[in-house]
Amino acid sequence: MTMMLTLAVSAGAVDGGGSLTSVVDPKPLLRELQGKMSAVTSLYLEFTQERQLKLFTEPLKSEGVMLIDRPDQIRWETTAPYQSILLGNHKSVAQFERTDGQWKKLKLGFPQMLKRVMEQMTLMNQGKLDGLTNEFNVSVATGSVTVVTMVPLDENVRAMLASLEVTMRPDFSATLEVVMNEPGGDLTRIRFTREKRGVKFPPETFDQTKPLDVAAVKAAVGDGM
Amino acid sequence: MECKLFMLSLVLLVGGCATKPTSQMSPPATAFPPEAFITQRGVLTVLGRQFTLNGYLARSATQGQRLVVTENFGNVLADVLIKPTGETFVMKSSRAFKPRWIHDYMATDVRCLFGGARAGECPGTQLSPTHFVIHRRWYQLDLSIVATQRGPQAAALFDATQAEKR
């Protein structure tokens with residue numbers, strides 16, 4: 001669950017050139033982050049996800065978009081190599097799969113679990129990282145980018161997730177990358193691009209009965225294909 | 001007599017339901033490259049509830065087939081190796097998929113889709129060259145092939161000595 005939660009935080013191509021300096025007390029920076037993100041009413045991001053398993057020589061790749069609209073709407077859509085839409089708000093979640101050119105709504109097996117994940121994703125994208133200090137040891141390093149590293153306090157969680165690294169621009173104006181490190185060396189890297197804040201989504205964007213096609217959403221937010 | 005007929009009808013009715021004739025998929029052994037990495041997306045329906053899964057299959061004509069199954073967010077739920085002889089090794093199981101299930105069902109489904117299945121063990125339908133539906137008593141698996149990368153796979157993938165201890 002905690003691993004899934006990490007998907008929430010957005011991030012992108014990281015400037016690996018500069019050296020980073022650890023911040024002694026991360027709380028002021030985390031407060032600043034939350035302050036900045038609390039002003040963000042909506043968020044549009046495109047992502048590429050790479051799952052690196054030691055077993056395979058090549059990473060397992062997927063790509064898509066993540067959309068967030070205050071107060072609680074979220075849409076996580078995978079557009080390649082398959083098409084799938086996850087939608088959530090404080091009341092419910094829905095999932096759609098596209099097969100043979102047709103979207104089908106699924107009868108979800110564990111809607112409560114997915115709902116919790118989607119809620120966490122929303123909260124994380126509101127920059128509410130300070131609230132996670134009960135569950136994580138949070139540290140921050142700054143330089144050409146800002147990296148927030150979270151290490152689970154719970155040993156059981158740590159058995160699945162060694163650490164979570166969120167990389168942002170120094171002024172928190174965009175999240176660049178999220179890396180979820182697993183104890184055995186496997187990891188998931190999500191790079192975010194084309195971040196747009198304060199966009200106006202068409203009303204059907206988060207419709208859990210018939211969500212608007214992603215191409216129409218992109219066109220509406222000025223990111224036509 | 002009437003009672004016997006009623007019982008016979010009941011048996012036929014119940015038996016008929018349980019053994020409803022289902023089409024068998026012909027294992028498309030030649031439909032996929034013998035050396036390849038094949039990405040799949042599946043919807044598993046169990047007791048009316050649906051779960052999405054990703055499948056990653058490494059295929060070698062001489063060393064076997066290795067399937068890794070993950071959930072939406074990438075966590076590995078199952079990992080199974082099937083040697084060309086049919087011998088099956090559960091490399092990793094999870095709370096979602098127990099070793100027995102992986103060994104008995106998942107490995108069979110791999111054989112049904114990618115070759116090596118025995119006659120009669122693949123109840124299902126091939127809807128297109130890349131879209132299959134397997135119907136079993138306990139579940140239905142709707143599976144699409146979403147990407148195929150041709151080429152030899154690393155020999156280490158087919159090393160059964162790394163199998164999970166059972």
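Where in chain A does Leu212(A) lie?

Modeller: This is a predicted model. Leu212(A) sits in a loop of chain A, between β12 (187-197) and α5 (214-220). Is the residue buried, exposed or in between? Its C-beta has 16 other C-beta atoms within 10 Å. A residue needs 20 or more to be buried, and 12 or fewer to be exposed. Leu212(A) is therefore partly exposed.

Now its contacts. Set aside the neighbours within four places in sequence. Leu212(A) is then in contact with Pro202(A), Glu204(A), Thr205(A), Asp207(A) and Val217(A). Val217(A) falls within the residue range of α5(A), 214-220. Lys61(A) is another matter: 151 residues separate Leu212(A) from Lys61(A) in sequence, and the C-alpha to C-alpha separation is 25 Å.

Next, the sheet. β12(A), at one end of the loop that holds Leu212(A), belongs to an open sheet of twelve strands. The order in chain A is β1-β8-β9-β10-β11-β12-β2-β3-β4-β5-β6-β7, and the pairing is antiparallel. In that order β12(A) stands between β11(A) and β2(A). The edges are β1 (21-22) and β7 (102-105) of chain A. Each has a single partner strand, so one side of each lacks a neighbour in the sheet.

β5 (residues 84-88) and β6 (residues 93-99) of chain A pair in the antiparallel sense, over five bridges. Leu86(A) stands opposite Gln95(A), which is in β6(A).

The contact between the chains takes 19 residues from chain A and 22 residues from chain B. On the side of chain A that touches chain B, two elements give two or more residues: α1 (2-6) and β6 of chain A. β6(A) gives the most, with three residues. By class, this side of chain A has nine nonpolar, six polar and four charged residues.

Last, a helix in chain B. Helix α2(B) covers residues 99-114, 16 residues in total. From first C-alpha to last, α2(B) reaches 21 Å, close to the 22 Å expected at 1.5 Å a residue. There is a bend of about 25° at Met106(B). Met106(B) is also among the buried residues of α2(B). Others include Ile102(B), Asp109(B), Arg111(B) and Phe114(B). After the helix comes Gly115(B), with a positive phi near 105°.

Definitions and conventions
Residues are numbered from 1 along each chain as its sequence is written. Chains are lettered from A and ligands numbered from 1 in the order in which they are written. This is a predicted model: local features need pLDDT of at least 70, side-chain atom pairs count only at pLDDT 80 or more; totals for chains, interfaces and linings use all residues. Helices (H or I, at least four residues) and strands (E, at least two) are DSSP runs, numbered from the N terminus. The expected span of a helix is 1.5 Å times one less than its number of residues. The bend at a residue is the angle between axes fitted to the seven residues ending there and the seven starting there. Two strands pair if DSSP finds at least two bridges between them. Two residues are in contact if their C-beta atoms, placed from the backbone, lie within 7 Å. Ala, Val, Leu, Ile, Met, Phe, Trp, Tyr, Cys and Pro count as nonpolar, Asp, Glu, Lys and Arg as charged, and the others, Gly among them, as polar.
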